[in-house]
Amino acid sequence: MKNRILALAIAACFAGPALAQSSVTIYGIADAGVMYVNNGGSDSRTKLVSGIADGSRLGFKGTEDIGGGYKAIFNLEARVELDTGRQQTGNLSSNQGYALTKGLNFTVPPAAGGAATAARLLAGVQAALQPAVNVNINGALFDRTSMVGLVTPVGAVLMGRMYTPGYEVFNNGDVFESGTAAGWGGIVGGLGGLLTAGIAIRSDKAIQYRIELPNGIGAALMYGFERSGYIGMDKKSYGANLRYKANGWDLGAAYNYGADQVGNRGLVTHTLAGSYAFDNWKLFLGAHKQKNENSVIIRYANEQLAPTFIAFGPALGPLLASQLNAALVRNFYLDAVSYQVGFHYRMGAGRLMASVVRQDDRRANASDATQYGIGYDYNLSKRTDLYTVAAYIKNKNEGQYAIGAASASGGFTAVPGQSSKGIQIGMRHRF
């Protein structure tokens, strides 16, 4: 879930005329480690996890100088789960999440099975809203990035599946670089895990304009056509950011907008984040506002579950479907602000990292969460490092956030309001 590789590719295109006429590079990251987690219930164990600090990947990028200050570029990047060799994964925790079906009580008359049938329906809906695979659900080969673009003397135009302007700023301002158990993104969003993600990370079917000026100012504009957005269901989406990187500062402000399948206002985010580096220190501060009034998952879930209710006939089926829809509309609603503060401190070949993240839920039940993280990253060489991170999430009310990793959502604690804690030790190799 990183934008560093793409950013480096774009920056290289602006670096000057010293590049070769054309070049293609094969690159990647191999990252895996061991994680002990205590989320309550049966989910307190040690496990092997792929992509803790960085999502493991294999990529291809290239550039061709076509003269006159113009360059053609492309980037294809595939996900690789080192623990299985696959390109899909799910929650790190096996616990059931209850937020998305909270208050859902099917009313089934005795003639149709009564309470027993209602319980089976509820269990079926819960399973459908917590699929075994929730990362790269479409099974795309190059689900991380797939784009082609033209760099001109006045900026770059890119087309394909790319990181959104909002996520670029969010990632740059994350103390743990959108990875490990202490990453800022771990508790950004609603209590439904990735189904209620609080930021659009990438967008399908998008076109983007980027510019990077010599004085450190950069900007991006993105528009996503129909079936755009992170999971390819938005009617349309767009975003913009403005960045400054110079004199130790790395600052950004961004806005993302998404519309549901019929054009209603969906996930909207505002992000302000950055860092300041001096001596051995790098200080971080950020705020992220997210609101989702019409999640694309609501309509998708209703469509997927429609055959189940049709089987109950024209009298009972629509009633059960309306009960489900009312619960989904209520429980998929997202309105929260998150804050992060933290630092890096360089110590020889390594760095100490620490952060505190607060998810301030503005809904009536106020299921807030606070995450504390500390870690150490040691460079064995320019390409290989070892890291260890410890994190603790204090959940409130209905909160079920569980610690995760760069490549996968943490999932849920055993019961609402329970804390999540764990330690990760891993190795990352860049090639």
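## Salt bridges

A search of the whole structure finds 19 salt bridges, a salt bridge being a side-chain nitrogen of Lys or Arg within 4 Å of a carboxyl oxygen of Asp or Glu. This is a predicted model, where local features need pLDDT of at least 70 and side-chain atom pairs count only at pLDDT 80 or more, while totals for chains, interfaces and linings use all residues. Residues are numbered from 1 along each chain as its sequence is written, and side-chain values use heavy atoms, leaving out hydrogens and water.

Let us start with R57 and E77, whose side chains meet in a salt bridge at 3.7 Å, N to O. R57 lies in strand 3 (residues 57-67) and E77 in strand 4 (residues 70-79), so this pair ties together parts that are 20 residues apart in sequence. Strands (E, at least two residues) and helices (H or I, at least four) are DSSP runs, numbered from the N terminus. Are R57 and E77 buried or exposed? Both R57 and E77 are buried; buried means under 20% relative accessible area, exposed means over 50%, and partly exposed is in between, using a 1.4 Å probe and protein chains only.

## A link across the chain

Next, look at E177 and R351, whose side chains form a salt bridge at 3.2 Å, N to O. This pair links distant parts of the chain, 174 residues apart: E177 is in the loop between helix 3 and strand 7 (202-212), and R351 is in strand 14 (residues 350-361). E177 counts as buried because its relative accessibility is 17%. R351 is buried too, with a relative accessible area of 11%.

Another salt bridge joins the side chains of R363 and D361 at 3.0 Å, N to O. D361 is buried, with a relative accessible area of 9%. Salt bridges that share partners also build one network, which joins D54, R57, E77, R144, E177, R351, D377, D385, R428 and R430.

## Helix 3 and its cover

How many of the eight residues of helix 3 are buried? Seven of them are, so helix 3 (residues 165-172) is mostly covered. The buried residues are P165, G166, Y167, E168, V169, F170 and N171.

## Two helices side by side

Two packed helices are described by the angle between their axes and the distance between the axes. Here, helix 4 (residues 296-310) and helix 5 (residues 313-331) pack at an angle of about 155°, with their axes 10 Å apart. That makes helix 4 roughly antiparallel to helix 5. For these values, axes are lines fitted to C-alpha atoms, for helices over the stretch in contact, and angles run from 0 to 180 degrees between N-to-C directions. Angles over 145 degrees count as roughly antiparallel, under 35 as roughly parallel, 65 to 115 as roughly perpendicular, and the rest as oblique.

Which residues meet where helix 4 and helix 5 touch? From helix 4, I298, A301, N302, L305, F309 and I310 meet G313, G317, L320, A321, L324, N325, L328 and V329 of helix 5, with contact meaning heavy atoms within 4.5 Å. By class, this contact has 10 nonpolar, four polar and no charged residues. Ala, Val, Leu, Ile, Met, Phe, Trp, Tyr, Cys and Pro count as nonpolar, Asp, Glu, Lys and Arg as charged, and the others, Gly among them, as polar.

## Positive phi angles

Most residues other than glycine have a negative phi. T180, a residue other than glycine, has a positive phi near 65°. T180 lies in the loop between helix 3 and strand 7, and it is buried, with a relative accessible area of 8%.

D279 is not a glycine either, yet its phi is positive, at about 50°. You can find D279 in the loop between strand 11 (265-278) and strand 12 (281-292). D279 counts as exposed because its relative accessibility is 76%.

## Neighbours and distances

V37 sits in strand 1 (residues 22-38) and counts as buried at 1% relative accessibility. Not counting residues up to four places away in sequence, V37 touches D43, S44, R45, K47, I403, S420, K421 and G422.

S42 is in the loop between strand 1 and strand 2 (44-50), and at 65% relative accessibility S42 counts as exposed. S42 and S94 are 52 residues apart in sequence and 8.4 Å apart in space, C-alpha to C-alpha. A127, in helix 2 (residues 114-128), is partly exposed, with a relative accessible area of 46%. The C-alpha atoms of A127 and G160, 33 residues apart along the chain, are separated by 32 Å.
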